[in-house]
Amino acid sequence: MNNQGIRNLNFLNHILDAMAEGLFTLDQDGKITAWNQAMENISGYTAQEAVGQRCCLIKCSRCYDQVNPSDISQCGVLAHGKTEAKECFIRHKDGYDVPVIKNARL
């Protein structure tokens, strides 16, 4: 990656961390690849703790009417390509549920 690409990536990371909304990305295996500052605040997990883990880390209460699928192949987003905004809960690192509105895209 050239210097321009690195600067653009750093700039994008600053924008993502400035967002009030929690945002994270996954790879094709369901492993977390990015985790912004708002996700740290909402979940209690730092980016360092979350990146490389499976998305079930946050124990989302609603994944296309399935409770926390254990395998990425069971993820409704893969089958449908997206989710509508849905109210659900994620489990904070300290063990309590946090209400969120979940929106997902492939």
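Phe 11 is exposed, with a relative accessible area of 56%, where exposed means over 50%, buried under 20% and partly exposed in between, using a 1.4 Å probe and protein chains only. The model is a predicted one, in which local features need pLDDT of at least 70 and side-chain atom pairs count only at pLDDT 80 or more, while totals for chains, interfaces and linings use all residues. Residues are numbered from 1 along each chain as its sequence is written, and side-chain values use heavy atoms, with hydrogens and water left out.

Phe 11 lies in helix H1, residues 3-18; helices (H or I, at least four residues) and strands (E, at least two) are DSSP runs numbered from the N terminus. Together with Leu 9, Leu 12 and Ile 15, Phe 11 forms a nonpolar surface patch that has about 380 Å² of accessible area. Areas come from the Shrake-Rupley method with a 1.4 Å probe, and for residues only the protein chains shown count as cover.

The chain has four helices and four strands, which run α-β-β-α-α-α-β-β from the N terminus on. Of its 106 residues, 24% are buried, and its accessible surface comes to about 7,200 Å², with 52% belonging to carbon and sulfur atoms.

The largest nonpolar core has 11 residues, among them Trp 35, Tyr 45, Cys 60, Cys 88 and Val 98; a core of this kind is a set of buried Ala, Val, Leu, Ile, Met, Phe, Trp, Tyr and Cys residues joined through side-chain atoms within 4.5 Å. Strands E2 (32-35) and E3 (86-91) each supply at least two residues of this core. Leaving aside residues up to four places away in sequence, Val 98 touches Ile 42, Cys 88, Phe 89, Ile 90 and His 92, a contact being heavy atoms within 4.5 Å.

Cys 88 is buried, at 4% relative accessible area, yet its sulfur is 3.5 Å from the closest cysteine sulfur, that of Cys 60, which is too far for a bond. With a disulfide taken as a pair of cysteine sulfur atoms within 2.5 Å, the count comes to zero. Cys 55 is likewise in no disulfide, the nearest cysteine sulfur being that of Cys 56, 6.1 Å away, and Cys 55 counts as partly exposed at 27% relative accessibility.

Terms used
Patches are made of residues with over 30% relative accessible area and no salt bridge: like charges are joined within 9 Å, nonpolar side chains (Val, Leu, Ile, Met, Phe, Trp, Tyr) within 5 Å. A salt bridge is a side-chain nitrogen of Lys or Arg within 4 Å of a carboxyl oxygen of Asp or Glu.
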